[in-house]
Amino acid sequence: MLETPEAVLDALRENNDRPYNLHRTVTAEELVDAAEQFDEPELLVTALLELMSAYEYTGEHRKAPVVFARVLKLRDDSPDAFSDWEANQVLWRFKWVTTSLLQVPEVPLAAIRGWTDQMRDRYREAGHGMQPVAAMRHRIAAHVGSEEAERSAYDLWVTRPREGMSDCEACETRHRAIHHVGIGDERRALDIWQPVFDGGQTCAEEPYVSQAHALLPLLSLGRVDEARSHHLSGYRYARGKTGLAEEVGLHVEFSALSRNEGRGLEILAENRALFETTGAPLSLLGFLTGVEVLLTRLVADGYGTTTVAGPLGRSWTAQSLLAHVSGEADTLAAAFDARNGTTGVGDRRRERVARPPLLAEPLPLGLRTTRPETAPAPPVSSRDIPDDFTELVTRAREMAAVGHPGDTALWERIAERVAAEGHVHAPELGPEARLRAELVEQRGFTAYENENWAEANAAMTEAADLFAGEAALPWHALAARARVSSFAWGDAGDREAGDFPSWSVLDGLLGEARELLGRGGGGVGAGADGFGTGEGVPSTGEDIPATTDDTPDAKAASPATTDDTPATGENVTEKYLTVLHCRAFAAHAEAAAEAPDVSAPTRARFDAAMDAVVSEAARFGMPHLAVGVRRYTADLASRAGRADEAATELRTALELVETSGRPWRAPRLEAQLGQILLQQDKPEEATAALRQALAGAARFDDTTFPVAFTYLLLGHASSHAGDLPGAVRHLSEAAARFDRESDHNAAAEARLQLADVLGRSGQPADAVAVLESLVLDDASATVDERLLAQIRLNLARGLRELEEHQASAEQFVQLAETVAAWEDRTTYTLVTAESAIALARADRWDAARAAYERALLAHRDTRLPGQAGLICEMAREFAALTMAAEGSDGIETALARLAEADEIRGAAAGDAEDLVHWYEAGATAYQRARALAAAERFPEALAEMERAITAYEEGGEQGETPRAEATRVAALIEANGLNSPQAAIARLDTAITRCEKAGIQHAAQILSALRTDFATQRED
């Protein structure tokens, strides 16, 4: 009950510690009512100023001027009721009132200008300069939209010197930059903003508010890395804050214009309450306009019927919400323009809505997001696709014959044309049965690429039957059967060595090939001149070997070509080599399962299979047809740790590709070479190879190339080469592409690595934003449990680094619940120990103590190697947090925790895996000394710090830095606690000399500065 002024004051202090939200605002209103029951104007002043702050930071601008009017009356009637700080705040908050009145279209412009006049008079009376007044007048002019008046007001503002009542430097910088954005000078605006973005100018809202306003200027100037970073960290701050509705709208608009519409819809879903805000109409207009930009893009792109999040109380589609938002925003803009007597507000709004996307392709943000539902089917690329059906099929066969990956779009179009009503086969293309078989075969290739083995084998078996039957193409049939048999060696995922099919089927197929040759099936014995020039030999597959299970490239084993021999209508060379290559694939799968220690029989089969392809391809004068098996050889060498041999093999293959005039065969080789170069710790060379691979795959329309995986490798290479911004771009791209492939675990892995790079780049908030997108309910449901656990652990630690302790504790608690069921007790102990600290930092002490005891019990039960140091660290941290929370009242609890740390260290005397005994002894003694000093038990504290110094000395060179820190605190205890500055100076003299000899100059400088302070104090 708030029955006394003291109780109200205590409640005001408690409310002041809460975050700005509806609960704090309502409580502030109640406390004003409570303060009014007492005849104590001092209390009422404090309550009114607290309420005004709540209104300012939650967007209740309609109400703030009324409260300020009461404050002004109290200031005039009872000036003694104001402390110096409160009197200063009265003047400061004139600026708040000006911006609040601008927010409300019902307030006449003359009334707003009247407030600035009163502000001018009060500032003069108090002896302040006019720069803050000029700033407010510029704010009014910029809002009204008269270009000449705005420029004049700007000049009057920025030419005056800053003074005590000026806005903080970061906020003034923001308004200066926004002015230049408004007049079209985005480069100048970004230059002005740079001190804010560099961290030189900050405040409670900066750099986050500026980040929102800089998004589109950055995007339009091509500075996409900065735009991405500003969105990730800036939106985290703005999310859910009613006082930042305009900034949320800017993030929605950025999502639309960077072609991340799915991200925009997620932001809408997280901020539905903003549709209902009425306290700041101008900010609401900014939000609605950003939403309208997004919805306009969605409707224009065919997503009008997509379900979206709008005002509560009904369901919305993009089309219906667009109509609603557009109407609301038009009404608001018209009201402001009517109040202002200009069209400035409406003009700015119309300009935003009309702006087209600023990028041709979506900007990878690194976030796990969803695309809108009910999307129209993407059109098949029409590039180089003939309209004439005969030409279309002929072109597809020609491209397939030379292994050109661009044939995929052609076969897809052929399938559409054949399935269309009224299609009639063209006789000049040969038997219709052949085309049917080719299309079924293509369906099998597609299924292979998607690793849908059952469907693929069924389609390829059907194709083999069609080729052998009505099409009368026995070599085609034999090649299709060989593919089916070889894929039996690769479709079981992670096979164990020896767990493979019998070689009898492949042996039988090779026998059939030889028998067919013996019957004159194309005259292979005639040599190279007797055969067509078809390519079509399977390559190593859709993934890059050495990291992924490798499968024959289905598209490389193509149908017969226009160069078929007249006798059979088949390219015998290609089909014969296809059979040999399928054997090579099987031999590689078998050897890879045993790698790196491949048995002699398996190695012999592998070598024989490889040699057969290489020798036969050379015999026919087409050595480039053996490029695929060279990839197998390189892969096996890489698995055995012979990276140099693997790189040599791949470079030889690339030379063969170059001389063959078939450059589309190079990208997969270059990608694999890039991976090998990474293993050789040559990241710059790897980067070049991987970039070349991606460029080639795009150039030749290789739709089966592992683009996502290659971007992942490129991200690794860039990171190792020190190009962290490049690594962020490539890992973001990899994650987005894995999303499109519905490879949820791979996408999560990429984002986990992206977050690590962001953290190492000094962008911890960006890293947290990426990880947060992975733990949402719909995202986490598709990710492997252990991978999700690692993500949560990294997220919890990232939140801790940002000092968001409540959120960090929540993640640790959820993680602890997950790992509690695991047999791995090491992970359970680690997570529980970190949870205890996180909960304590979040001031959830009951839960923290429970988690502490669970971690301690888990360690004592298992005594697993490597855990003692972790538990000792937990105990020390718990002791420090206890003292911080309870002061001297917590000393006994803290000492008990530290005694537990000593007990754990002593019990782990033989554990050398993770426990550095000298460090643990010193760290615990150091923390005990600090706790005793905080309890003003200075003699005990100094003795304990001496023990810490002695322990650190045992660490030799590694112990010098912590020893210097212990010496620093010992000197403080002597000088300030025991009143012995001379002893402290003597101690520091010795320590400074020691640090200089050890080469730790930073520590020497800190100790020297402290010595100077003590010497000065003695002189005083």
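This is a predicted model: local features need pLDDT of at least 70, side-chain atom pairs count only at pLDDT 80 or more; totals for chains, interfaces and linings use all residues.
Biologist: What makes Arg13 and Asp10 a salt bridge?

Modeller: Their side chains meet at 2.9 Å, N to O. The cut-off is 4 Å, so the pair qualifies. By this rule the count comes to 74 salt bridges.

Biologist: How do you know that Arg13 and Asp10 are about one helical turn apart?

Modeller: They sit three residues apart in helix 1 (residues 5-16). An α-helix has 3.6 residues a turn, so residues at that spacing point the same way.

Biologist: Why is Arg876 called buried, and Glu873 partly exposed?

Modeller: Arg876 has 5% relative accessibility. Buried means under 20%, so Arg876 counts as buried. Glu873 has a relative accessible area of 38%. That lies between 20% and 50%, so Glu873 is partly exposed. The two form a salt bridge, with the closest N and O atoms 3.0 Å apart.

Biologist: What makes Asp902 and Arg928 a link between distant parts of the chain?

Modeller: Their side chains meet in a salt bridge at 2.7 Å, N to O. Asp902 is in helix 41 (residues 891-907) and Arg928 in helix 42 (residues 917-934), 26 residues apart. Both also belong to a salt-bridge network with Arg905, Glu944 and Arg947.

Biologist: Why is helix 15 (residues 261-270) called largely enclosed?

Modeller: Eight of its ten residues are buried, so the rest of the structure largely encloses helix 15. Among them are Glu261, Arg263 and Leu268. The buried residues of helix 15 pack against partners including helix 13 (224-238), strand 1 (307-308) and helix 17 (318-340).

Note on methods:
Residues are numbered from 1 along each chain as its sequence is written. Side-chain values use heavy atoms; hydrogens and water are left out. Buried means under 20% relative accessible area, exposed over 50%, partly exposed in between (1.4 Å probe, protein chains only). Helices (H or I, at least four residues) and strands (E, at least two) are DSSP runs, numbered from the N terminus. Contact means heavy atoms within 4.5 Å.
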